[in-house]
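Please have a look at the sequence and the model below, then read on.

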Amino acid sequence: MKTKIMAVLAVVLASFGGNVDAQTYDTNNEVVQTFAGSGFSGYLDGVGQLTMFNNPNAIVADSNSNLFVWDSSNSRIRKITPDGTVSTFAGGGSNSSLPATGTNALLSVIAGLTIDRNDNLWASGTHSSSAGLWKITSGAVVTFTNFSFTGSGYGTIGVCADTAGNIYFSTAGNQIYRYGTNGVLSVFAGSGNSGNADGNGIFTSFNSPKSLAADSANNIYVWDSGNYLIRRIDQSQNVTTLAGKYQNSSNVDGVGTNAAFGSISQMSVDGSGNVIFVGGFPGSSVRKMDASSNVVTMAGSFTQTGYTNGAGNLARFNNAGGVCIASGTIYVADTSNQRIRQISFNPQPQVVTGANLGIGTFAGVTIIGTVGRTYQVQSSPDLNAWTTRATILLTSSPYLWIDQNPIAGNKFYQALLLP
């Protein structure tokens, strides 16, 4: 996804709870469409919109652009191939003894989801009331590593992977951990004290850090939810606040600390270093922070929820819970709409071929009449029994009316001028 110059397209001002939310839309012609899910909550594999999810709230993509979705209320990880085929990858079984394989495994609580350089899935969460990391290999073998934290609080929350395969996760104890490829667990940043102090390593503080994301330079981005800040940790363990208003839960687009975030559910980083994230209570939106910490909205609204496809400023989500990037397309787990949505840029028309293309023969009736008068079009298979097909207020003459049903057998038409 190429970085382009941003300009103000629209600014929306609304007041909620005393906060003024200012929204600036990106101008890269983002268009939102539905990729999978019917909108009905349930559990059904299949293709595209002929499928069902039950509160999908985290999503990642592998190196082949397959999507993996934590379908939370079904306790399953669903796989979606690039052609929209939905299947169950892991979970839904009764086997709580690990390792287990695929749909035989019983998955419990998952808070965050990421994928490493070898296409292994990692999930933060709990198993048998123990906090740690789930690992689901590309072959769907499920294991769990239990961590016994000392003085760091209970529970793993956000999770991400760097290019070397190291796994990072946030904890309820206000610290960020690194789980190395050598199996060594260490504190990467955070003293364990609640606060917002920048600095180095353990001489820093966070307040309920949650979502994490890593860029190609292995910088780790942290949604510091209790402080309402986005912060960055480099590989020298330096912590820097990039954007957000300290303990201000409004939603405002802008640069650095002039921007504000009400909530962030998941973050992802594209190939240009843009941090893409979803959230934005009381509305639901997809936003972007570029390398200069300029924050804009890509799609959705700060103040409204709903289900609308189309241009970014018109699109609506309902509790968007997850976001990832695959082959230049952004995918959103639209939790309360029970759908997976996609955001493309400058979309081009696509040729419809094969089984998706039907050719029929349709009849057209031309009426030469009086503009402003009402006409009734009727059809008959035998010139005896007539069926009303349309009632038309003539806006021009001649006027062409098309029968939307393909011709089958004999069909005759007549038009009546109504009084």
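Gly-125 stands opposite Gly-132 in E12, at a place where strand E11 (residues 121-127) and E12 run antiparallel, joined by seven bridges. Strands here are DSSP runs of E with at least two residues, numbered from the N terminus, and two strands pair if DSSP finds at least two bridges between them. This is a predicted model, in which local features need pLDDT of at least 70 and side-chain atom pairs count only at pLDDT 80 or more, while totals for chains, interfaces and linings use all residues. Residues are numbered from 1 along each chain as its sequence is written, and side-chain values use heavy atoms, with hydrogens and water left out.

**The sheet around E12**

- E11 and E12 form a hairpin with two residues between them, and Ser-128 in that turn has a positive phi of about 55°.
- E12 is also joined to E13 by five bridges, again in an antiparallel run.
- Trp-134 has Phe-144 in E13 as its bridge partner.
- The hairpin of E12 and E13 has four residues between the strands, and Ala-140 in the turn shows a positive phi of about 70°.
- Strand E12 (residues 130-136) is mostly covered, with five of its seven residues buried; buried means under 20% relative accessible area, exposed means over 50%, and partly exposed lies in between (1.4 Å probe, protein chains only).
- In a regular strand the side chains alternate between the two faces of the sheet.

- E9 pairs with strand E13 (residues 141-146) over two bridges in the antiparallel sense, and Thr-101 stands opposite Val-141 in E13.

**Buried spots**

- Cys-160 is buried, with a relative accessible area of 3%, and Cys-324 counts as buried at 4% relative accessibility.
- The structure holds zero disulfides, a disulfide being a pair of cysteine sulfur atoms within 2.5 Å.

- Phe-362, Leu-400 and Ile-402 make a nonpolar surface patch of about 280 Å².
- Patches are made of residues with over 30% relative accessible area and no salt bridge, where like charges are joined within 9 Å and nonpolar side chains (Val, Leu, Ile, Met, Phe, Trp, Tyr) within 5 Å; a salt bridge is a side-chain nitrogen of Lys or Arg within 4 Å of a carboxyl oxygen of Asp or Glu.
- Leu-400 sits in strand E35 (residues 399-402) and is exposed, with a relative accessible area of 55%.

**The chain as a whole**

- The chain has zero helices (H or I runs of at least four residues) and 36 strands.
- Of its 419 residues, 49% count as buried.

How values were computed:
Areas by Shrake-Rupley, 256 points an atom, 1.4 Å probe, with all protein chains shown as cover.
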